[in-house]
Amino acid sequence: MAAAGENLRIDPDRLWDSLMEMAKIGPGVAGGNNRQTLTDADAEGRALFQKWCEAAGCEMGLDQIGNMFATRAGTDPDALPVYVGSHLDTQPTGGKYDGVLGVLGGLELVRTMNDLGIKTRHPIVVVNWTNEEGTRFAPAMLASGVFAGKHELDWAYDRVDSAGKRFGDELERIGWKGDEEVGARKMHALFELHIEQGPILEAEGKDIGVVTHGQGLRWVQCTVTGKESHTGSTPMHMRLNAGRGLARITELVHEIAMKHQPNAVGAIGHIDVYPNSRNIIPGKVVFTIDFRSHLQEVIDAMMEEFHAKAPGLCEEIGVTLETEIVGQFDPPAFDEGCVAAVRDAAERLGYSHMDIVSGAGHDACWINDLAPTAMVMCPCVDGLSHNEAEEISKEWAAAGADVLMHAVLETAEIVE
């Protein structure tokens, strides 16, 4: 087995041009992207990715939940593939790099191998996971979760968006439902390149984040029910204001997360108010709490305190509370061998690096239960993500893709 030399680098201009070309699909209103899962824009982005992969000599596979697998053959037909990739779907007001860098960084790896005539014993598969964001159809990382056996396929098909449209129906509508059984593929390893989505790497002046752990999370969907009535003519003491329940729980979530610093976060991000009229006291509010930590005991403690206190806060003001877990995964510790491959690649290439815990959930967190897995992170400006102002530099993207390539090639075993 030959080792990749330190002069082996991706083409930074080609990677950047690909990122900018993909960003033209599903443009946002403020410079980012709105390419939500299973929309027409998602379908268009998928088609472009497939076109690029086939031009690079890859064979495209598609499973029953829409996961895309572009395979570059290895020299050993019996060797399990090394997977690399992320997701192409975005938030409604998302950036150009979240997820997309990992997919197109994987494609650039293949293109560079083609340019230099590099062969590997293990095949390399570039993957685009369906519905990582979970905004339109909860939960996040839905398709990789089905792949990893965390969710049933039919359950995933029955997820509905805010307009009542089924995931399964929309997948068929856009033409990206495949025949391959979800989860039938076996992996030698998986690597995922991603922007940090946090401020640590930029603040520390590091080129590369070597991700050792991911955060676990619990998404708790809450429904607070009161009584709709006129805002002007209903006496204050007679109001059953569901909005007050939201306000009280918002403060509770913040207090709980603050008690567990520095290892926890918590917030309410998604809120639907009914009937959402200026002169009607809300009769119902539906919202989702997001608790996260890389320590399982912290997640458990936050959930226990929430369930102990939240119902009483609502009862005191005459409204009711119903809760449902709509997303969850436990904190993963990534494979030590794959993590070492990432760290060694950064060292060999001369990039500054540090160990880091991922503050966000990623498809790699599910796949970690199936095969050795690791993540590579690059900085993003001001740590901003899930925002159209999300930004990285060409140099950061290239560094992350270089490290990704070296870690993947080491794992996939270059042959002379």
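Buried, as I use the word, means under 20% relative accessible area, exposed means over 50%, and partly exposed is in between, with a 1.4 Å probe and protein chains only. By that cut-off glutamate 305, at 13% relative accessibility, counts as buried.

Some ground rules. This is a predicted model, so local features need pLDDT of at least 70 and side-chain atom pairs count only at pLDDT 80 or more, while totals for chains, interfaces and linings use all residues. Residues are numbered from 1 along each chain as its sequence is written, and side-chain values use heavy atoms, with hydrogens and water left out.

Confidence next. pLDDT is the predictor's confidence in each residue, from 0 to 100. The protein chain has a mean pLDDT of 96, and 99% of its residues reach 70 or more. Helices (H or I, at least four residues) and strands (E, at least two) are DSSP runs, numbered from the N terminus. Confidence is highest in strand S5, residues 124-128, at 99, and lowest in strand S13, residues 320-329, at a mean of 93.

Back to glutamate 305. A salt bridge here is a side-chain nitrogen of Lys or Arg within 4 Å of a carboxyl oxygen of Asp or Glu. Glutamate 305 forms one with lysine 309, and the closest N and O atoms are 2.8 Å apart. The two are four residues apart in helix H9, residues 296-315, so about one helical turn separates them. Lysine 309 is partly exposed, with a relative accessible area of 38%.

How many salt bridges does the structure hold? The count is 23. In one of them, the side chains of glutamate 170 and arginine 136 meet at 2.7 Å, N to O. That pair links distant parts of the chain, 34 residues apart: glutamate 170 sits in helix H6 (residues 167-173), and arginine 136 in the loop between S5 and helix H4 (142-147). Glutamate 170 is buried at 6% relative accessible area, and arginine 136 counts as buried at 14%. Both belong to a network of salt bridges that links Asp40, Arg136, Asp161, Glu170 and Arg173. Aspartate 290 and arginine 292 also meet through their side chains in a salt bridge, at 2.8 Å, N to O, and both residues are buried.

Now the backbone. A cis peptide bond runs from alanine 138 to proline 139, with omega near 5°; proline 139 is in the loop between S5 and H4. Glutamine 261 and proline 262 are also joined by a cis peptide bond, with omega about 5°. Proline 262 is in the loop between helix H8 (242-259) and strand S10 (265-274).

Leucine 38 is not a glycine, yet has a positive phi of about 65°. This leucine 38 lies in the loop between H1 and H2 and is buried, at 0% relative accessible area. Arginine 35 lies in the loop between helix H1 (12-23) and helix H2 (40-55), and is buried at 1%. Arginine 35 and glycine 94 are 59 residues apart in sequence and 8.1 Å apart in space, C-alpha to C-alpha. Aspartate 382, again not a glycine, has a positive phi of about 60°. Is aspartate 382 buried or exposed? Aspartate 382 is exposed, with a relative accessible area of 63%.

One helix as a geometry check. The expected span is 1.5 Å times one less than the number of residues. For the 17 residues of helix H3, residues 100-116, that should give 24 Å, and the end C-alpha atoms are 24 Å apart, which agrees. Of those 17 residues, 14 are buried. Glycine 117 follows H3, with a positive phi near 65°.

On a 1 Å grid over the protein atoms alone, a cavity is a set of points where a 1.4 Å probe fits but cannot get out, and lining residues have an atom within 4 Å of a point. Grid points are joined across faces, edges and corners, and a volume is the space filled by probe spheres set on the points. Searching the whole structure finds one cavity of 30 Å³ or more. The largest cavity has a volume of about 50 Å³. Its lining includes Pro139, Met141, His151, Trp219, Phe329 and Trp366. S13 supplies the largest share of that lining, three residues.

Conventions: On a 1 Å grid over the protein atoms alone, a cavity is a set of points where a 1.4 Å probe fits but cannot get out, and a pocket is an open set with protein on both sides within 12 Å along at least five of seven lines; lining residues have an atom within 4 Å of a point.
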